[in-house]
Amino acid sequence: MTDKSHDPNQMTGAAMIVRALIDHGVQHLFGYPGGAVLPIYDEIFQQSEVEHILVRHEQGAGHAAEGYARSTGKPGVVLVTSGPGATNMVTPLTDALMDSIPLVCITGQVPTHLIGNDAFQECDTVGITRPCTKHNWLVRDVNDLAKVLHEAFYVATTGRPGPVVVDVPKDVQFATGTYHPPRKSDVHVSYTPRVKGDATQIRKAVALLAGAKRPVIYSGGGVINSGREASKLLRELVEVTGFPITSTLMGLGAYPATGKNWLGMLGMHGTYESNMAMHDCDVMLCVGARFDDRITGRTDAFSPGSKKIHIDIDPSSINKNIHVDVPIIGDCGNVLGDLLQVFKAEAKKPDIKAWWQEIAVWRARNSLAYRKNSEVILPQYAIERLFEATRGHDTYITTEVGQHQMWAAQFFGFEEPHRWMTSGGLGTMGYGLPAALGVQVAHRDSLVIDIAGDASVQMTMQEMSTAVQFELPIKIFILNNQYMGMVRQWQQLLHGNRLSHSYSEALPDFVKLADAFGCVGLQAIKPGDLDGALKEMISIKRPVLFDCRVAALENCFPMIPSGKAHNEMLLPAEATDEATAAAFAGGKALV
Amino acid sequence: MNQPASAYFLEERHDPTESHTLSVLVQNEPGVLARVIGLFSGRGYNIESLTVSETESQKHLSRITIVTTGTPMVIEQIKHQLDRMVPVYRVVDMTLTGRSIERELAMVKVRGGGDNRVEALRLADAFRARVIDATTESFVFEITGNSAKVSQFIDLMRPIGLVEVSRTGVAAIGRGPEGM
């Protein structure tokens, strides 16, 4: 027998995990220790290449990794223990699956001989996470571990990105086996995502675009996921064609909010002009979006007169909700590059002056207008002032879920991709605070702000302690209206104003709470206090919890009542009680 | 309510549904069947019949044959959703190719005496079913054919003294020299 003790590739499973992280360029790891991952934590202790960020709850680790991934384009990596550690990860995994965020989650598992015995802190991790991951693995043999870890990184980051779970029993972590660096054969031969778009389809798309009279480009999170080059190409396409462009919540920043062809966000709380343009267009180019129900409204009345082109890397997104005429399967960046080349060579800018004039009429309705108030801070005003105060700073925004999220999307202008982190598909309250931590870990010197609501922030606020421990100077800007605002808005509109359990009684004193955690607490009550307090918040180089008291009963408009068409929007000026009642009549079954 | 209330309600347009037979070639690894079945239950698709077995043991490949029903848009979705799973090699819609053979095997237990025994044997002969077990008061028949033929045979056995049936579900393969 040969002596394997000096073979550098012979190591324990726990050591392989740390080695694989290093081989995949992982610099930061979010996690929480526990019995079934102690061997891995022992390895982490004895090295300095991967920095571990200790959270206060596994859900926080997951969302932090998501924020990290969304702001860098790199995969977010999580390490949690078996049982409750794994089940606490279910929400972030589902969130990442819905929003196509690359996450690699390593979970500890009870030793292989105890699996199935209802052992202490045992759960069927691969069973539980199967529907909320892109793929998952249970590794029973230490000699399979290197291959599985490399495949996990590959699957998470290629094709349509998504979360993966590698479940590693404790005896496999202790066992010694052979490690190998990443290689091509680590991946299932059956996994072959398509990157390049079909040339014939691209030509068909160009022909439609060149002949358009009332075109619109509708872009989504796929453009952000595809990388910075895709956003550049999207901007070039808008420039070359002169077409108007709108975007989903997930796609904000791919085209700059100050760009002259920008219509604003579309969908349920999008601008009037973008939704009307979607409804009345003759050619729609959808890039990296998925015709989600918040976007389409009534599917049978969605953009009835248009030819639709859909670029998406995932064939299952094509024709799922809306039938499209020209599907192009491929990576957004890659397809946009090819499409631009063909357009430049074979087509010229169509004359769409008349269409822009129509859009100008819709724009003039000023759908985001709100009544100014000098007595109380209106939430829209608060976001506008926050946006002003952050100008010139290197800013990243995360949000929780609810009214504040929609106001942030409407009133904060994003000029670049990867600057806006929000839970779009799953709508996870409590996402924003830990996500901000992840962003700040990746961008130590940037200004990272979690625009929060008073209800959402309480779901994961224990992570303020993480911010203090790791000196992550995140700013938690709470629009405090003492309600679960979006729930209350729906109760007002759909449930006869019976505000069932949407009022937050016994809110904590956020300023004292900040103090207790070792953060800085600030408060603004009057509109006149706001600018000064915002300036102070930005100047403080520590975590800040900002309690911004806003008008309690303000609602988020414009709004397409769900199940209605794009041209049935409710604008703020028209949202009288009668109009609202009429718009929502018979609509209690809405979601 | 004279107008559709929700975007979700609208999904249930009552387009005519079709039955399709899908052949799915997968890596035979732990959990792969759970993934496929979980996809169907999680997304609300129908499974009419499901047959699984390893077909190429050296390459660890299994072939899953699924008979499903849905609108054309849903069938299209099912195929894409299956195809994007990591251990799935290929998905072929056997119904769409129009050149496939489908077979099912059933074992049918019948109990009775006198004329019923004679009648059972005569029907079995007409259907080319074989007797694979016999006692003085019962038979077990083995019958192979498409699902309609198998169902018809079972229906005929019912008044004669049908006890129980075990069916394999549908296996399908394409005609001609090419593989999937």
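User: Is Gln109(A) buried or exposed?

Analyst: Gln109(A) has a relative accessible area of 3%. Buried means under 20% relative accessible area, exposed over 50%, and partly exposed in between (1.4 Å probe, protein chains only). Because its relative accessible area is 3%, Gln109(A) is buried.

User: What kind of model is this, and how are its parts numbered?

Analyst: Residues are numbered from 1 along each chain as its sequence is written, while chains are lettered from A and ligands numbered from 1 in the order in which they are written. Side-chain values use heavy atoms, with hydrogens and water left out; local features need pLDDT of at least 70, side-chain atom pairs count only at pLDDT 80 or more, totals for chains, interfaces and linings use all residues, and the model is predicted.

User: Which side chain is joined to that of Gln109(A) by a polar contact of 2.8 Å?

Analyst: Gln109(A) lies in strand E5 (residues 103–109) of chain A; helices (H or I, at least four residues) and strands (E, at least two) are DSSP runs, numbered from the N terminus. A polar contact is a pair of N or O atoms within 3.5 Å; within protein, one must be able to donate a hydrogen and the other to accept it, and residues adjacent in sequence count only if both atoms are side-chain atoms. Not counting residues up to four places away in sequence, Gln109(A) touches residues including Ala36(A), Glu122(A), Asp167(A) and Gln173(A), where contact means heavy atoms within 4.5 Å. The polar contact of 2.8 Å joins the side chain of Gln109(A) to that of Asp167(A).

User: How many residues are in the largest nonpolar core?

Analyst: A nonpolar core is a set of buried Ala, Val, Leu, Ile, Met, Phe, Trp, Tyr and Cys residues joined through side-chain atoms within 4.5 Å. In the largest one, Phe477(A), Met537(A) and Phe546(A) have the most contacts inside the core. Its largest share, seven residues, comes from helix H14 (residues 332–346) of chain A.

User: What are the buried residues of helix H22 (residues 527–539) of chain A?

Analyst: The cover over the buried residues of H22(A) includes helix H16 (379–390), strand E17 (447–453), strand E18 (475–480), strand E19 (520–524) and strand E20 (544–549) of chain A. Met537(A) touches, among others, Leu386(A), Ile449(A), Phe477(A), Leu522(A) and Phe546(A), not counting residues up to four places away in sequence. The buried residues of the helix are Pro527(A), Leu530(A), Ala533(A), Leu534(A), Met537(A) and Ile538(A).

User: What is the radius of gyration of chain A?

Analyst: Chain A has 23 helices and 20 strands. The radius of gyration is taken over C-alpha atoms, and the globule rule is 2.2 Å times the number of residues to the power 0.38. For 591 residues the rule gives 25 Å, and chain A comes close to this, so it is as compact as a globular protein of that length, with a radius of gyration of 25 Å.

User: What is the radius of gyration of chain B?

Analyst: Chain B has six helices and nine strands, and 39% of its 180 residues count as buried. For 180 residues the globule rule gives 16 Å; chain B is well over this, so it is more spread out than a compact globule, with a radius of gyration of 20 Å.

User: Over which residues of chain B is the pLDDT below 50?

Analyst: pLDDT is the predictor's confidence in each residue, from 0 to 100. Chain B has a mean pLDDT of 92, and 92% of its residues reach 70 or more. Where pLDDT is low, the predicted coordinates should not be read in detail. In chain B the pLDDT is below 50 over residues 1–11.

User: Which peptide bond is cis, with omega near -5 degrees?

Analyst: Most peptide bonds are trans. Pro558(A) is placed in the loop between E20 and helix H23 (577–583) of chain A. The cis bond runs from Phe557(A) to Pro558(A).

User: What is the relative accessible area of His501(A)?

Analyst: His501(A) is found in the loop between helix H20 (485–494) and helix H21 (510–517) of chain A. Its phi is near 60 degrees, a positive value in a residue other than glycine. His501(A) is exposed, because its relative accessible area is 71%.
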